[in-house]
Amino acid sequence: MELQFEGDELKSVLNRLRRAQGQISGVIRMIEEGRDCEEVVTQLAAASRALDRAGFAIIATGLQQCLTDVEQGERNGETKEQMRARLEKLFLSLA
């Protein structure tokens, strides 16, 4: 399944991923500097949430596109049940 992001969707996902990237870099620096464990874990949790949000945004876009594909009958022979199972697996991978 190829995702096609449009302007605002793409910008939002990229911003979330860049935020997570910055937070992960911050966690690495904090560990290298010997910072407080609680501070490190708090920053790591923030990075994890940013990645989760980006993943859910990607899945939401994929769901929307797949629904459009089903309506238009353009899924290369994949049944609705197969598509549903595949999307469910993707969604659960972030849970």
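Trainee: Which residues does Arg16 touch, not counting residues up to four places away in sequence?

Mentor: Arg16 touches Ala50, Arg53 and Ala54. Contact means heavy atoms within 4.5 Å. A word on the source: this is a predicted model, where local features need pLDDT of at least 70, side-chain atom pairs count only at pLDDT 80 or more, and totals for chains, interfaces and linings use all residues. Residues are numbered from 1 along each chain as its sequence is written, and side-chain values use heavy atoms, with hydrogens and water left out.

Trainee: How do you know that Arg16 and Ala50 are separated in sequence but not by much in space, and what are the values?

Mentor: They lie 34 residues apart along the chain. Their C-alpha atoms are separated by 5.8 Å.

Trainee: What makes Arg16 partly exposed?

Mentor: Its relative accessibility is 25%. Buried means under 20% relative accessible area, exposed means over 50%, and partly exposed lies in between, with a 1.4 Å probe and protein chains only. The value of 25% falls in between, so Arg16 counts as partly exposed.

Trainee: Where is Arg16 placed?

Mentor: Arg16 sits in helix α1. Helices are DSSP runs of H or I with at least four residues, strands are runs of E with at least two, and both are numbered from the N terminus. The chain has three helices and zero strands. Its elements run α-α-α from the N terminus on.

Trainee: Which residues of α1 are buried?

Mentor: Val13, Ala20, Gln23, Gly26, Val27 and Met30. An α-helix has 3.6 residues a turn, so residues three or four places apart point the same way.

Trainee: Why is Gln23 called buried?

Mentor: Its relative accessible area is 14%. That is under 20%, so Gln23 is buried.

Trainee: What does the side chain of Gln23 reach, and at what distance?

Mentor: The side chain reaches the backbone nitrogen of Ala47 at 3.4 Å. Beyond four places in sequence, Gln23 touches Gln43, Ala46, Ala47 and Ala50.

Trainee: Which residues form the nonpolar patch on the surface?

Mentor: Leu10, Leu14, Leu17, Ile24, Ile28 and Leu51. Together they have about 450 Å² of accessible area. Areas come from the Shrake-Rupley method with a 1.4 Å probe, and for residues only the protein chains shown count as cover. Five of the patch residues come from α1, the largest share.

Trainee: What makes a group of residues a patch?

Mentor: Patch residues have over 30% relative accessible area and no salt bridge. Like charges are joined within 9 Å, and nonpolar side chains (Val, Leu, Ile, Met, Phe, Trp, Tyr) within 5 Å. Leu14 shows the area test: at 31% it is over 30%, so it passes. At that value Leu14 also counts as partly exposed.

Trainee: How many salt bridges are there?

Mentor: The count is two. A salt bridge is a side-chain nitrogen of Lys or Arg within 4 Å of a carboxyl oxygen of Asp or Glu. Side chains of opposite charge can pair when their charged atoms come close.

Trainee: Why is the pair Glu33 and Arg35 called a salt bridge?

Mentor: Their N to O distance is 3.5 Å. That is within 4 Å, so the pair qualifies. Arg35 and Glu39 also meet in a salt bridge, at 3.0 Å. Glu33, Arg35 and Glu39 are linked in a network.

Trainee: Is Glu33 buried or exposed?

Mentor: Its relative accessible area is 54%. That is over 50%, so Glu33 is exposed. Arg35, at 41%, counts as partly exposed. Glu39, at 37%, is partly exposed as well.

Trainee: What makes Arg84 exposed?

Mentor: Its relative accessibility is 54%. That passes the over 50% cut-off, so Arg84 counts as exposed. Arg84 is in helix α3, residues 80–93.

Trainee: What share of the chain is buried?

Mentor: Buried residues make up 22% of the 95 residues. The chain exposes about 7,000 Å², and carbon and sulfur atoms supply 53% of that area.

Note on methods. A polar contact is a pair of N or O atoms within 3.5 Å; within protein, one must be able to donate a hydrogen and the other to accept it, and residues adjacent in sequence count only if both atoms are side-chain atoms.
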